[in-house]
Amino acid sequence: MRNTFAKILSKLTKKNNKIILLSGDIGNKLFDNFKKDHPNNFYNCGVAESNMTTVAAGLAFSGFQPITYTITSFNTLKTIEQIKLDICYQDLPVIIVGVGSGLGYSNLGTTHHSIEDIGLLSNIPNLNIIVPTDKQELEILFPQILKSKKPTFLRLGKKNEKPVYDSNKCNSKIGKATQILRGKNVCILGYGNILRNCIDLISQLKKNKINPSIYNFHTLKPINKPQIIKILEKYRKILVVEEHNKFGGLFNRVSEIKTSKQNFKNIIISVNAGDKFIIGGGDLKNTQKKLGLDKNSILKKIKLLNSL
Amino acid sequence: MKNITKISNQIRFQTCKLSHQAKAAHLGSALSCVDILTVIFFSDLFKFDIRKNSLDKFILSKGHAAAALYSCLAFKKFISFKKLNEYGKNNSVLEEHPNKKINGVICSTGSLGHGLSFGCGITLGEKIKNLKNKNVVLLSDGECNEGSIWEAAGFASSKKLNNLIALIDFNNWQATGRSKEIFGGEMKKKWQAFGWNVMDINGNNTKQIYNALKKAKKSKKKPTAIICNTIKGKGIKFMEDNNNWHYRVPTKNELKVIEKILMQ
């Protein structure tokens with residue numbers, strides 16, 4: 001996903017020289033072409049993320065469209081006060097890009113995991129939170145983010161993510177979840193590349209006479225409440241899948257909307273990254289397995305949900 | 001410069017009045033930087049066109065000195081005196097820390113350690129646009145405890161932000177004690193080590209402030225830090241260098257004494 005980000009950024013900067021990329025001493029090879037083509041649009045801010053975030057706010061004040069880019073954990077938690085006060089409180093159009101979100105850097109350990117970012121950032125007014133599921137969706141959503149001129153957190157994966165949209169053409173729009181599969185028994189809600197784990201289960205589920213719907217909630221904030229209400233009205237059994245802490249993510253949002261409607265009797269189950277520091281997770285596949293986010297675990301959850 | 005002294009006395013009194021009316025703290029910190037603010041706003045060094053944000057810019061990074069800033073903005077006619085008197089009252093935008101809904105405030109501050117980075121971003125943006133205007137950020141000495149200040153300091157010199165000027169209001173007191181005892185390292189040497197032009201002046205002497213800023217404006221490559229040695233509570237003898245006035249508010253009788261000292 002990061003390669004696609006670098007590619008589309010070069011393309012868009014050719015047309016829009018207000019784009020300024022600030023890097024936290026990362027992406028050396030990745031942005032070589034960008035730096036060559038747009039030397040005045042790239043600044044390495046060093047390993048000083050707090051300053052980088054506020055510098056971006058100052059640049060935005062001067063009429064630019066700055067993007068801060070580094071590993072998600074560092075670009076969100078180290079900088080959360082700068083995001084709150086300098087970007088969002090002052091409502092400046094900065095895009096905060098986190099790379100290796102969720103468990104993208106699983107084998108680098110807890111310091112590099114980012115499974116609490118959405119929960120923490122969701123509490124900051126004015127901030128949009130966007131999570132593309134694959135590179136095709138990133139290409140579709142990124143120009144929309146630039147056009148919106150809103151403070152935005154863009155939660156990217158790392159690299160070599162399997163496509164979710166495959167041959168289907170992605171036409172996602174900020175603010176509305178995209179239905180990527182039409183079914184009836186159960187409804188799966190998720191975001192990010194973990195949705196691929198769900199798509200891979202379709203044929204097995206069909207053998208079990210389960211035809212799920214799948215919705216891709218690429219826009220976590222502002223959350224589309226009317227759309228969630230419609231989904232809750234249509235499907236009784238809901239599974240929320242997210243590479244995020246069990247608190248503060250999509251499961252919370254869907255549950256609170258359900259609770260606000262007294263007559264809703266939905267069963268909502270969640271698979272998530274738990275609420276523990278993950279030590280010894282190893283690679284992404286192994287870590288997902290340990291947390292119950294792998295295909296088999298999700299399959300079991302869907303079967304259980306279907307039987308209820 | 002004679003006129004400047006008169007204005008600074010008026011701003012001092014106005015600031016004390018605001019603190020008394022609103023029962024708002026941080027008076028000592030506001031008074032130590034009144035001379036600096038007066039030179040910035042009322043000398044011929046800078047031109048502020050705050051509504052269009054197109055000329056020189058000022059950021060009060062030590063946002064707790066808001067009362068002194070608001071007083072300057074009123075004398076500068078960016079805000080009315082009627083508005084100024086709403087300071088600290090319910091439903092007023094003139095809160096105890098400045099926000100950019102107020103004419104003349106370009107950056108909301110209050111949490112220490114943000115204003116210099118914001119100034120870096122503005123200055124870098126203007127450098128890209130090839131603009132020559134100056135951007136001035138006022139920091140407190142206690143604020144220089146914040147790591148983000150030193151992130152900004154390293155950034156500014158590496159990007160050759162010569163149009164950026166930082167003034168450090170070095171009154172040698174922070175909330176609970178002497179700045180030099182609470183946080184180590186020599187202020188002047190630190191800024192020099194981070195690649196800045198550094199000047200060390202009497203920050204309550206308007207002539208010295210004026211000359212230092214004039215020199216800073218001429219810098220060709222480096223950003224400039226002016227260490228302004230000041231006295232907390234400056235101008236009112238019974239407040240001077242007395243850290244109780246970090247939080248204390250003047251009584252009605254004290255305000256009368258202050259008026260006598262400053263306005264006669």
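Strand 2 (residues 135–140) and strand 3 (residues 164–170) of chain B run parallel and are joined by six bridges. Within this pair, L138(B) has L167(B) in strand 3 of chain B as its bridge partner. The model is predicted.

A second pair in chain B is strand 4 (residues 197–202) with strand 5 (residues 224–229), parallel over six bridges. Here M199(B) stands opposite I226(B) of strand 5. The chain gets from strand 4 to strand 5 of chain B through helix 10 (residues 206–217), and this β-α-β crossover is right-handed.

Five strands of chain B make an open sheet with parallel pairing, in the order 1-2-3-5-4. Strand 1 (57–60) and strand 4 of chain B are at the edges with a single partner strand each, so one side of each has no neighbour in the sheet. On average, neighbouring strands of this sheet are turned by 20° against each other, direction ignored. Strands of a sheet pair through backbone hydrogen bonds.

Now to chain A. How many residues of helix 3 (residues 49–61) of chain A are buried? The count is 13 of the 13, so helix 3 of chain A is largely enclosed by the rest of the structure. Buried means under 20% relative accessible area. At 1.5 Å a residue, helix 3 of chain A should span 18 Å, and its end C-alpha atoms are 19 Å apart, which agrees. After helix 3 of chain A comes G63(A), with a positive phi near 100°.

How values were computed: Residues numbered from 1 in each chain as written. Chains lettered and ligands numbered in written order. Predicted model: local features only at pLDDT ≥ 70, side-chain atom pairs only at ≥ 80, totals over all residues. Heavy atoms only, no water. Pairing = 2+ DSSP bridges. Helix = DSSP H or I, 4+ residues; strand = E, 2+ residues; numbered from the N terminus. Right-handed = clockwise from strand over helix to strand, strands pointing away. Axes fitted to C-alpha atoms, helices over the stretch in contact; angles between N-to-C directions. Expected span 1.5 Å × (residues − 1). Buried < 20%, exposed > 50% of the residue type's maximum accessible area, 1.4 Å probe, protein only.
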